[in-house]
Amino acid sequence: MIYLLAGQSTFKSNLYKCYVLHHSLSSIGAGNCGRITAVIKLGLRNPIHNGHALLMQDTKRQLLERGFKKPVLLLHPLGGWTKDDDVPLPIRMAQHQAVLDSGVLKREDTILAIFPSPMMYAGPTEVQWHAKARMNAGANFYIVGRDPAGMPHPDKQMYPDGNLYDGTHGSRVLKLAQGLDNLEILPFRVAAYDRSTASMAFFEPKRKENFEFISGTKMRTLAKTGTNPPIGFMEPKAWQILAEYYKSVIQN
């Protein structure tokens, strides 16, 4: 497995980016930089569930239909500081490895790379930093999450939902931001747990009664209490890593 440190100044050279991708991707069959037709980026600070995998698989399908022969996923978990209740990086990396081992994501089409940046919770400014750093690392397609610009607002009466920005604010800012000409912002489709199929599926408003949204907070609560998530929510071996981590935290 390959670990790249992206966002460093040395990645500003296009030639160096090609060199790094050539040698890093050789182990997943890319052969040379010219054969890598698309690099898709998804950055997370939470463990991967099957909804994330569904989004990545669907994105690859769309790019193949557009004529790209070798789309590669840059799976780029945050490696710097996060909130105390977030899952630590070593546990997340082990969980990501379990997802790859299970085949939920294809190892030959994926680079697992640590993004050594803290989570600053800085709204649109941070959204642009994350995008530009990943572009400098070689990504040319960027998946923007549901609420990447999330920041709490101090006046709860003015903003009843407690958020300073709309959930789509991050993607809209990136489409207007300068300096991202080489990065195509991909639409984000919301996935939720579909009780009718016992699997993660793209949310359908007409069938909203069949869907359950399992947030990162709820996922961590399940793990902390020793409760298993619904079947089909996450690869079982990947979930076991989370469950064992929280069990050890409680015991200590």
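**View 1. Buried residues of helix α2.** In α2, the residues G51, H52, A53, L55, M56, D58, T59 and L63 are buried, where buried means under 20% relative accessible area, exposed over 50%, and partly exposed in between (1.4 Å probe, protein chains only). The model shown is predicted: local features need pLDDT of at least 70, side-chain atom pairs count only at pLDDT 80 or more, and totals for chains, interfaces and linings use all residues. Residues are numbered from 1 along each chain as its sequence is written, and side-chain values use heavy atoms, with hydrogens and water left out. Helix α2 covers residues 50-65, a run of 16 residues; helices (H or I, at least four residues) and strands (E, at least two) are DSSP runs, numbered from the N terminus. From first to last C-alpha, α2 reaches 22 Å, close to the 22 Å expected at 1.5 Å a residue, the expected span being 1.5 Å times one less than the number of residues. Just after α2, G67 takes a positive phi of about 105 degrees.

**View 2. Surroundings of helix α2.** The buried residues of α2 pack against β1 (38-42), β2 (71-75), β4 (141-143), β5 (184-186), β6 (191-194) and β7 (199-202); contact means heavy atoms within 4.5 Å. Helix α2 lies across β6 and β7, running at about 45 degrees to β7. For this angle, axes are lines fitted to C-alpha atoms, for helices over the stretch in contact, and angles run from 0 to 180 degrees between N-to-C directions.

**View 3. The open sheet containing β6.** Three strands form this open sheet in the order β7-β6-β8, with antiparallel pairing. Its edge strands are β7 and β8 (211-212), each of which pairs on one side only. Two strands pair if DSSP finds at least two bridges between them, and two bridges join β6 to β8. The bridge partner of Y193 in β8 is E212.

**View 4. The two sides of helix α7.** Helix α7 covers residues 236-251. Its buried residues are A238, W239, L242 and Y246. Seen down the axis of α7, these buried residues fall within an arc of 100 degrees, so they line one face of the helix; the arc is that of the directions from the helix axis to the C-beta atoms. On the other side of α7, P236, K237, K247 and Q251 are exposed. The cover over the buried residues of α7 includes α3 (89-102) and α6 (216-224).
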